[in-house]
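I opened the model to look up a pocket and a few side chains. My notes follow.

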Amino acid sequence: MVKKNVQVVLDKLGIAVFVIDKNRTVLFANAMGRKLFGKGLTGKSFDAAVPDEKFLFIFDKVLNGQDSASVDIMLPTTVPTLYRVTMTRFDGDGSNDPFRAAVSFEDISHVRDAQLMRSDFMEHL
């Protein structure tokens, strides 16, 4: 599905990246994606990993023609972590299912934490 040289580049990224099809089946997960959700996600539905209505909302937007969509999702990991999830549509490989989307998960917890600290500071002025 994803050419080997592209896989190497994606594995070096510091964010989780997935490629999914129109059924939300994971076709590829980079190294950070496998670290975030485990190694067994490829070939399975992304719904089990991210059972969040906001994810389904952006998926539907992209499936129905929007080029890209983003949403912030809190994942219930050991330490609850806020991720900016961005989904971007791209052409498939010419098979019967031309829809493909790249999904990235960027940890933005530090942004939330900074906003909370600023808010707390402003309350105490």
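I took a pocket as an open set of points on a 1 Å grid over the protein atoms alone, where a 1.4 Å probe fits, with protein on both sides within 12 Å along at least five of seven lines; lining residues have an atom within 4 Å of a point. The model is predicted: local features need pLDDT of at least 70, side-chain atom pairs count only at pLDDT 80 or more, and totals for chains, interfaces and linings use all residues. Residues are numbered from 1 along each chain as its sequence is written, and side-chain values use heavy atoms, with hydrogens and water left out.

I looked up the largest pocket and found about 160 Å³ of space in it. Helix H2 (31-37) and strand S5 (99-107) each give two or more residues to its lining. The lining includes Met32, Lys35, Leu36, Phe105, Glu106 and Asp107. By class I read 6 nonpolar, 1 polar and 3 charged residues there.

**Asp21.** I found Asp21 in the loop between strand S1 (16-20) and strand S2 (26-29). Asp21 is buried and has no salt bridge. Buried means under 20% relative accessible area; a salt bridge needs a side-chain nitrogen of Lys or Arg within 4 Å of a carboxyl oxygen of Asp or Glu. Arg100, the nearest side chain of opposite charge, is 5.3 Å away. A polar atom of the Asp21 side chain lies 2.9 Å from the backbone nitrogen of Asn23.

**Ser109.** I placed Ser109 in helix H4 (residues 109-123). Ser109 counts as buried because its relative accessibility is 10%. Its side chain reaches the backbone nitrogen of Leu82 at 2.9 Å.

Conventions:
Helix = DSSP H or I, 4+ residues; strand = E, 2+ residues; numbered from the N terminus. Buried < 20%, exposed > 50% of the residue type's maximum accessible area, 1.4 Å probe, protein only. Lys, Arg positive; Asp, Glu negative; His and termini not counted. Polar contact = N/O pair within 3.5 Å; in protein donor to acceptor, adjacent residues only side chain to side chain. Points joined across faces, edges and corners; volume = space filled by probe spheres on them. Nonpolar A, V, L, I, M, F, W, Y, C, P; charged D, E, K, R; others polar.
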